[in-house]
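Here are my notes for you to read alongside the model. Please keep the viewer open as you go through them.

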Amino acid sequence: MRIVIAGGHGQIALRLERLLSARGYEVAGIIRKAEQGDDLREAGAEPVLLDMESASVEEVAAHLQGADAAVFAAGAGPGSGKARKETVDKGAAILFADAAVRARVRRFVVVSSMGADPAHRGDDVFDVYLRAKGEADAYISRQEALDWTILRPGTLTNDPGTGLVRLEAHTGRGTVPRDDVAAVLAELVETPATAGLTLELISGSTPVSVAVRSVAGN
């Protein structure tokens, strides 16, 4: 099984790459800078150099050919301005979805954000971010050629993962370690029965695998 991750050098993506490669998957991560490649190789992933802000659908689709799943984990980052929320958090997500459709990769998992909403109001950078993520999520959820799952974690921390989460359509606010977000994503990739679901994620009391099976109806 080949899995391609957009935003391959992100904190969650690197954790996910380690988990998936340890499970025996062939993993590729899309990165913007060649010097990031060694970190991906260390995580067991193949680095793919491509700028998602300037690439065409055809260019991205070429790297998705033959993949069994695609994960959008890219983000402009906390230090970026409003413009990059539009070009990365929204634009690159839509581009990646369109490329997946073109490459006929049905399984598509998105790392979104709690509070993402296309109707979110406000002009601060975080408001623009939540609106951009919401618009991207709305676009992806309309793609009938994708078996999409949208994951909306709460406030991210670098605390060690506990493997215990709360994963539901609506969890309410909370925090969650990046380790546990990556663990949930790994399970979601392997659980196509979660297609069509938008899920919120915070720390909780349910083991990751049980939580994912529960929302999948198993």
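1. Some ground rules come before the details. This is a predicted model, in which local features need pLDDT of at least 70 and side-chain atom pairs count only at pLDDT 80 or more, while totals for chains, interfaces and linings use all residues. Residues are numbered from 1 along each chain as its sequence is written, and side-chain values use heavy atoms, with hydrogens and water left out.

2. Let me start with helix H1 (residues 11-22) and helix H6 (residues 178-189), which pack at an angle of about 50 degrees with their axes 8 Å apart. Helices (H or I, at least four residues) and strands (E, at least two) are DSSP runs, numbered from the N terminus. Axes are lines fitted to C-alpha atoms, for helices over the stretch in contact, and angles run from 0 to 180 degrees between N-to-C directions. H1 and H6 are therefore oblique to each other; angles under 35 degrees count as roughly parallel, over 145 as roughly antiparallel, 65 to 115 as roughly perpendicular and the rest as oblique. Their crossing is right-handed, meaning that the near helix is turned clockwise from the far one by less than a right angle.

3. Which residues of H1 and H6 meet? On the H1 side they are Gln11, Ile12, Arg15, Leu16, Leu19 and Leu20, and on the H6 side Arg178, Asp179, Val181, Ala182, Ala183, Leu185 and Ala186. By class, this contact of H1 with H6 has nine nonpolar, one polar and three charged residues. Contact means heavy atoms within 4.5 Å. For the classes, Ala, Val, Leu, Ile, Met, Phe, Trp, Tyr, Cys and Pro count as nonpolar, Asp, Glu, Lys and Arg as charged, and the others, Gly among them, as polar.

4. H6 also packs against helix H7 (residues 208-215), at an angle of about 45 degrees and with the axes 9 Å apart. H6 and H7 are therefore oblique, and H6 passes H7 in a right-handed crossing. Ala183, Val184, Glu187 and Leu188 of H6 make this contact with Val208, Ser209 and Val212 of H7. Its make-up by class is five nonpolar, one polar and one charged residues.

5. Val57, Glu58, Val60, Ala61 and Leu64 in H3 meet Leu95, Phe96, Asp98, Ala99, Ala100, Arg102 and Ala103 in H4. By class, there are nine nonpolar, no polar and three charged residues in the contact of H3 with H4.

6. The largest nonpolar core has 35 residues, of which Ile5, Leu151 and Val184 touch the most other members. H6 supplies the largest share of this core, eight residues. A second, separate core of 34 residues includes Leu50, Ala55, Ala76 and Ala136. A nonpolar core is a set of buried Ala, Val, Leu, Ile, Met, Phe, Trp, Tyr and Cys residues joined through side-chain atoms within 4.5 Å. Buried means under 20% relative accessible area, exposed over 50% and partly exposed in between (1.4 Å probe, protein chains only).

7. Leu50 is worth a click. This residue is found in the loop between strand S3 (46-49) and H3, and at 12% relative accessibility Leu50 counts as buried. Not counting residues up to four places away in sequence, Leu50 touches Ile30, Ile31, Arg32, Ala55, Glu59, Val60 and His63. Leu50 and Arg32 are 18 residues apart in sequence and 5.5 Å apart in space, C-alpha to C-alpha.

8. Val176 lies in strand S9 (residues 175-177). Is Val176 buried or exposed? At 0% relative accessibility, Val176 counts as buried. Leaving aside neighbours within four places in sequence, its contacts include Pro153, Leu156, Val181 and Leu201.

9. Finally, please look at Arg104, in the loop between helix H4 (82-103) and strand S5 (107-111). Arg104 has a positive phi of about 60 degrees although it is not a glycine. At 77% relative accessibility, Arg104 counts as exposed.
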